[in-house]
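Dear colleague,

Please find below the structure I promised to pass on, and after it a short account of what was found.

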Amino acid sequence: MAVRIGELLLKEKRITVEQLQEALNHQRQHGGKLGLNLVKLGFVKDSDITALLSKQYGVPSVSLADFSVDPSVVKLVPPETARKYQIVPLARAGATLTIAMTDPTNVFAMDDIRFMTGYNVEPVVASEIAVLEAIQRYYGKASGNGAAPTSALELASQALEQLPATAEAENVEVLDDLEEISPEMLARQGEEAPIIKLVNVLLMSAIQKGASDIHIEPYEKEVRVRYRIDGLLYNIMSPPMKFRDAITSRIKIMAKLDISEKRLPQDGRIKIRFQDNGLPKDIDFRVSCLPTLFGEKIVMRLLDKDKLMLDMTKLGFESEPLARFEAAILKPWGMVLVTGPTGSGKTNTLYSSISRINTTETNIMTAEDPVEFNLTGINQVQVRETIGLTFAAALRSFLRQDPNIILVGEIRDFETAEIAIKAALTGHLVLSTLHTNDAPSTVNRLMNMGIEPFLVASSLNLICAQRLVRRICKHCVEPCPTPVPALVQAGFSSEDAQTVVPQRGKGCDKCNSTGFKGRVGLYEVMEVTDELRELILVGASALELRRKAMEDGMITLRQSGLRKVKDGVTTIDEVVRETMK
């Protein structure tokens, strides 16, 4: 690329052959790109280099000296990433992040930033001097010689500084004593106090930031730690490679997993106790270890009982769908299905449902994989397929336990579906989940599993499809005027588009400058009426079922989202990202 720039400069007669040779000699002695050396020697101006780079790469150029970047945009890209790729984030518009780069052909940098921030990346070009000055202006000087901290103790100390005083890592207590682990292994791990402290910091920081998952991912030359916050993954830190195995071992010990088994997936659970505002608080972490090419990837799901929303009126249901849903779960028999992708809040909806109907007169039994929360008064069974305790086996046993209400964590196969439907037809209320895109397509999914149409038609009471979207932060909400055509394209009627004023979050300390805080559900509730049963019996398509359900008053996922946009709860971008018209 250096010779290419030199050739362009020569072609446009901005430098001479002698100047180019002198710059190449200077580059060999001092390093850096050719353009930077030409500017240092005074042969060309910085603006000339920028113009040439723009011409070479076919992307717009920008003068960073005249540009002022919003601090909330700067925070989207960590300083180590900005320095590594020599980039500066400039602006955010909708789902697009504009970044200034010295090399807009670096697809690895753009992919990494797209993966890290969740935004589409639009590059513009700037000179190396301008980018380096902007990085120093917005991020400050790099620690020490510019390298990342090299000890786990340094990493832990830096992370601890960001935690509240009441959530110090030293106060973390791992519940359920670890005597079962070999003494030799405990002794070896006990010698690595910085690793123990670093793992405690990762757990406490995730709790403090409101994360739902922690991802620890080993790659060939780095270890990446990411948190999922309000549904999106954010890069948190990259511990030194030499601590990769030690971090994995510490987490596996805490989760009571086999530390010597690195070839097979393992699942475990960590229960910690810490001081929250002077009061003891317990939180569970569901741990999953998966062998990958460069080590074991660990994902920890945070299970905080205090965040389990059991009040159905606060989940995000509109009034009419909520009334239909409650009527369905209060019926003495039949089946209610909750559908949606992984992480769409199905478990929360099911737990809210059984809490609503949990009384001393009812016998409620659940088969779950895994049991995420313990609920008082409900008999919960952990499915263990390795020993033959499948959903189907648990269901068969339930029917001999005199149940009123049965919750099946997930209908995965024909056998489970068949037993669940027969239970619904013999005087039991059955609640379960399926992975489908919307409510009407659930009927076709059951038939594809091999269930007869007449069984589906006679057993189903209601199907609820759902998604989760981020809530606008109430501390920094502001109007976001949107053109009428854009509102109509999103799904608003022409009349509503004239009056609706969408809101957005400006970004503040409360929401980590994202503009969002928390999530809310979108719900598509399809009540199976007599007319719909007739359509199911004759094998109607999902499109026909949807059309009839909407005639009967069903609110689609997109319509549910648009209502929340109208009420200022979320943004159009969030609704468009999670739903279809």
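Glu217 and Arg226 form a salt bridge (a side-chain nitrogen of Lys or Arg within 4 Å of a carboxyl oxygen of Asp or Glu), with their closest N and O atoms 2.8 Å apart. Both Glu217 and Arg226 are buried, where buried means under 20% relative accessible area, exposed over 50% and partly exposed in between, with a 1.4 Å probe and protein chains only.

This is a predicted model, in which local features need pLDDT of at least 70 and side-chain atom pairs count only at pLDDT 80 or more, while totals for chains, interfaces and linings use all residues. Residues are numbered from 1 along each chain as its sequence is written, and side-chain values use heavy atoms, leaving out hydrogens and water.

A salt bridge also joins Glu261 to Arg263, with the closest N and O atoms 3.5 Å apart; Glu261 counts as buried at 15% relative accessibility, whereas Arg263 is exposed, its relative accessible area being 71%.

Arg356, in turn, forms a salt bridge with Glu326, where the closest N and O atoms are 3.3 Å apart. This pair links distant parts of the chain, since Arg356 lies in helix H14 and Glu326 in helix H13 (residues 319-329), 30 residues apart; helices here are DSSP runs of H or I with at least four residues, strands are runs of E with at least two, and both are numbered from the N terminus. Arg356 is partly exposed, with a relative accessible area of 39%.

Salt bridges that share partners join Glu217, Arg224, Arg226 and Lys297 into one network, and the structure holds 31 salt bridges.
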